[in-house]
Amino acid sequence: THMNTQEKPLTLQELASALQLHPVTMQRKVRNQEIPYHYIGGTQRFYLSEVMAHTLVTPKQETKGETE
C-alpha cells in the first residue's frame, strides 16, 4: 500500500522517462524485482518516490571482523 495519496502512479514509460532510462531497462528491473510496483486496474504502476527510495537504499556487505 502506497502512503502518499497525492502522488500520481506512473506507467513504465512515464517512469522510464522520469528516470531518463530506456523502457527496456525498466522492464528488466521489474522482471528482476529490482524496483517496487503495484497493480492498479490490472496494470503495473510505479510511484517515483518509492522507486527512488528503493534504489537509493542499497544493502551494504558487512565484513565481520574477528574479535578475540
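Visitor: What are α1 and α3 to each other, oblique or perpendicular?

Guide: Two packed helices are described by the angle between their axes and by the distance between those axes. The model is a predicted one, in which local features require pLDDT of at least 70 and side-chain atom pairs count only at pLDDT 80 or more, while totals for chains, interfaces and linings use all residues. Residues are numbered from 1 along each chain as its sequence is written, and side-chain values use heavy atoms, leaving out hydrogens and water. Helices (H or I, at least four residues) and strands (E, at least two) are DSSP runs numbered from the N terminus. The axes are lines fitted to C-alpha atoms, for helices over the stretch in contact, with angles from 0 to 180 degrees between N-to-C directions. An angle under 35 degrees counts as roughly parallel, over 145 as roughly antiparallel, 65 to 115 as roughly perpendicular, and the rest as oblique. Here helix α1 (residues 12-19) and helix α3 (residues 48-56) have axes that come within 11 Å and cross at roughly 55°. The two helices, α1 and α3, are therefore oblique to each other.

Visitor: Is the crossing of α1 and α3 left-handed or right-handed, and which residues make the contact?

Guide: A crossing is left-handed if the near helix is turned anticlockwise from the far one by less than a right angle, and right-handed if clockwise. For α1 and α3 the crossing is right-handed. Contact means heavy atoms within 4.5 Å. On the α1 side the contact is made by L15, A18 and L19, and on the α3 side by L48, V51 and M52. In terms of class, this contact of α1 with α3 has 6 nonpolar residues, no polar and no charged ones. For these classes, Ala, Val, Leu, Ile, Met, Phe, Trp, Tyr, Cys and Pro count as nonpolar, Asp, Glu, Lys and Arg as charged, and the others, Gly among them, as polar.

Visitor: At what angle do the axes of α1 and α2 cross?

Guide: The axes of α1 and helix α2 (residues 23-31) cross at roughly 110° and come within 9 Å. These helices, α1 and α2, are therefore roughly perpendicular to each other. Their crossing is right-handed. L12, Q13, L15, A16 and L19 of α1 meet P23, M26, Q27 and V30 of α2. This contact of α1 with α2 has 7 nonpolar, 2 polar and no charged residues.

Visitor: What does P23 touch, not counting residues up to four places away in sequence?

Guide: P23, found in helix α2, touches L12, Q13 and A16 on that count. P23 and Q13 are 10 residues apart along the chain, and their C-alpha atoms are separated by 5.9 Å. Buried means under 20% relative accessible area, exposed over 50%, and partly exposed in between (1.4 Å probe, protein chains only). At 19% relative accessibility, P23 counts as buried.

Visitor: Where does P36 lie?

Guide: P36 lies in the loop between α2 and β1 (38-40). With a relative accessible area of 22%, P36 is partly exposed. Apart from its neighbours within four places in sequence, P36 is in contact with F46, E50, V51 and H54.

Visitor: How many salt bridges does a search of the whole structure find?

Guide: A salt bridge is a side-chain nitrogen of Lys or Arg within 4 Å of a carboxyl oxygen of Asp or Glu. The search of the whole structure finds 2. In one, K8 pairs with E14, the closest N and O atoms being 3.2 Å apart. E14 counts as partly exposed, at 34% relative accessibility. K29 and E34 also meet through their side chains in a salt bridge, at 3.4 Å from N to O. K29 is partly exposed at 22%, and E34 is partly exposed at 31%.

Visitor: What is phi of Q20, and what is phi of Q33?

Guide: Most residues other than glycine have a negative phi. Q20 has a positive phi, near 55°, and Q33 likewise has a positive phi near 55°. Q20 is placed in the loop between α1 and α2, and Q33 in the loop between α2 and β1. Q20 is exposed, with a relative accessible area of 74%, and Q33 counts as exposed at 66%.

Visitor: In what order do the elements of the protein chain run from the N terminus on?

Guide: The elements run α-α-β-β-α, which comes to 3 helices and 2 strands. Of the 68 residues in the protein chain, 22% are buried. Among contacts between residues at least 6 apart in sequence, 44% join residues at least 24 apart.
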